[in-house]
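Please open the structure in your viewer and follow the selections below in order.

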Amino acid sequence: MSHPAVFLDRDGTINEEMGYINHLSRFRLLPQVVPAIRRLNETGLKVVIVTNQSGAARGYFPAALVDEVHEHLKKLLAAGGAHLDGIYACLHGPADGCDCRKPRPTLVKQAARDLDLDLDRSYLVGDRYRDVETAANAGVKGILVLTGYGRGEYQYLRAAPKAQPVQVATDLLEAVEWILRDLNIK
Ligand SMILES: [Mg+2]
Ligand SMILES: [Zn+2]
């Protein structure tokens, strides 16, 4: 049986938006992220990060740093009893014309194949309209969080002719609580 999943954007959604994370010291988890992910883990929902990381392609830091940041993230989550089921990253730049950079749905679809996910019952949470658009392109429900770029994106793009989120949440924990209600999970 396929599993429902919650796809998470990374920067601005689970860690503070700091521009490019070109050093481990710039990676700081937002408050409530550990309990939010732990809650998803407890309910059996799969949790998968989908992230654009073009900094290495732009020459700002080595590609290996992306892996280092993700190892660091896994440790921070593990310390709080939470875990991820997958991390899918596009390491290309916008000019590379790759097939995986959000808002393309490729990373979501690849994860769905790898992890046997049911996209009809899945969600994508992010702080940019690019994430909402990715959700629409992948056929999952998009939720905008107001952390990171979220407040400004919502203020200026809520009336734009773009794919709109099914829900707007203050932060990841509020988004998770809404998802669990939407799925009728207690
Ligand atoms: Mg983001
Ligand atoms: Zn790519």
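Begin by selecting His92, which is partly exposed at a relative accessible area of 32%. Here buried means under 20% relative accessible area, exposed over 50%, and partly exposed in between (1.4 Å probe, protein chains only). This is a predicted model, in which local features need pLDDT of at least 70 and side-chain atom pairs count only at pLDDT 80 or more, while totals for chains, interfaces and linings use all residues. Residues are numbered from 1 along each chain as its sequence is written, chains are lettered from A and ligands numbered from 1 in the order in which they are written, and side-chain values use heavy atoms, with hydrogens and water left out.

Next, select the zinc ion (ligand 2). Its donors are Cys90 (SG), His92 (ND1), Cys98 (SG) and Cys100 (SG), at 2.0 to 2.3 Å; a donor is an N, O or S atom within 2.8 Å of the metal (3.2 Å for Na, K and Ca), and sites may look incomplete because water is not among the atoms. Cys90 is buried, with a relative accessible area of 0%.

Now select strand E2 (residues 46–52), where six of the seven residues are buried. Strands (E, at least two residues) and helices (H or I, at least four) are DSSP runs, numbered from the N terminus. Phenylalanine 7 lies opposite valine 48 of E2.

Finally, select strand E3 (residues 86–90), which pairs with E2 in the parallel sense over five bridges. Alanine 89 in E3 is the bridge partner of threonine 51.

Notes
Pairing = 2+ DSSP bridges.
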